[in-house]
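Subject: Structure for you to look at

Hello,

Here is the structure I said I would pass on. Please open it alongside this message and find each residue as you read.

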Amino acid sequence: MKSKVYFTSFITPEKVVELYNALGIILPSPIAIKVHSGEKGNQNFLHPEFWQKIVDTLHGTIVECNTAYGDASIGVRDHTESHLKLLEEHGWTKLFPVDLMDAEGPDVCFKVKNGKVLKENYVGKHILNYQSMLVLAHFKGHPMGGYGGALKQLAIGCASRAGKALIHSGGVTADRYKTWEQHASNVVFPEAMADAAMTIVEHFKGRIAFINVMKNLSVDCDCCAVAEDPCMKDIGILASIDPVAIDQACLDLIQNSDDPGKEHFLERVNSRNGIHTIEAAAELGIGSRDYELIRLE
């Protein structure tokens with residue numbers, strides 16, 4: 001059976017709730033709602049006001065994790081104190097309860113069963129405080145992964161600093177200061193992301209859902225303090241309980257678009273072998289690339 005992916009071209013907070021309801025899933029409380037909080041200086045991330053209706057509807061907690069830059073010039077989210085300050089500056093803590101899942105150690109170590117690259121994945125220990133997860137992804141490009149969507153939110157997004165280092169280095173090191181010297185190839189890195197994503201899906205099996213918003217379609221991620229402006233017009237919102245299907249559907253919508261900016265966007269995806277994250281995740285059984293797109297206008 002094909003995975004169901006619900007789609008609307010209307011990008012509003014109300015439509016986010018409508019698409020979530022279309023999934024027919026009831027996420028048990030307490031619910032972790034994974035977002036990208038946006039790096040300091042980034043102009044493209046989706047602000048907390050956009051997500052307010054769905055978060056308030058579910059009475060969930062916004063969750064994030066620290067980054068693994070190892071270089072303060074890149075961003076401020078790599079330390080708990082500065083990350084919490086940014087969450088306040090961006091308005092997250094004003095509207096919602098916010099949990100930086102790896103604010104304190106030790107990390108949770110999820111074993112990777114039959115993974116392609118990783119043997120284990122390190123995640124902020126507060127993940128154990130939640131019964132379910134809603135993954136809210138701003139779909140866009142990414143400097144290293146090619147694109148960022150549901151699978152990246154599961155992998156890099158849920159990993160602690162050590163976990164991020166391990167994924168980026170292809171399992172070589174959990175030391176964030178050595179990661180950038182040993183960054184994995186554009187085959188190994190997507191496979192490591194798929195491995196890490198698998199552990200989160202397994203942890204919340206049957207209690208996890210995904211919403212991707214195709215707005216502000218830059219080739220750069222929200223983790224970039226200096227990001228390129230969007231190169232395409234907004235496309236819409238998608239929802240699914242299958243992270244592979246929803247990311248595949250997003251890329252297909254871009255591929256099938258008549259927007260002249262799509263070539264620039266796809267160059268970023270293809271030059272980083274972004275599709276391989278989806279391929280690897282499907283091979284691991286996280287989800288299916290075969291889907292039915294159900295339009296709700």
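His126 sits in the loop that runs between strand 6 (120–123) and strand 7 (132–138). The model is a predicted one. Is His126 buried or exposed? His126 has a relative accessible area of 14%, and buried means under 20%, so His126 is buried. Leaving out residues up to four places away in sequence, His126 touches Asp99, Leu100, Met101 and Glu104.

Val108 belongs to strand 5 (residues 108–111). Its relative accessibility is 12%, so Val108 counts as buried too. Residues up to four places away in sequence again set aside, Val108 touches Asn121, Tyr122, Val123, Gly124, Lys125, Ile127 and Leu128. Between Val108 and Gly274 there are 166 residues in sequence and 27 Å in space, taken from C-alpha to C-alpha.

Next, the nonpolar cores. Which residues of the largest nonpolar core touch the most other members? They are Met133 and Ile200, in a core of 63 residues. Helix 8 (residues 188–203) contributes the most to this core, namely nine residues. Another core, of 31 residues, lies apart from it; Tyr20, Phe50, Leu100 and Leu136 are among its members.

Regards

Methods:
Residues numbered from 1 in each chain as written. Predicted model: local features only at pLDDT ≥ 70, side-chain atom pairs only at ≥ 80, totals over all residues. Heavy atoms only, no water. Core = buried A, V, L, I, M, F, W, Y, C linked by side-chain atoms within 4.5 Å. Buried < 20%, exposed > 50% of the residue type's maximum accessible area, 1.4 Å probe, protein only. Helix = DSSP H or I, 4+ residues; strand = E, 2+ residues; numbered from the N terminus. Contact = heavy atoms within 4.5 Å.
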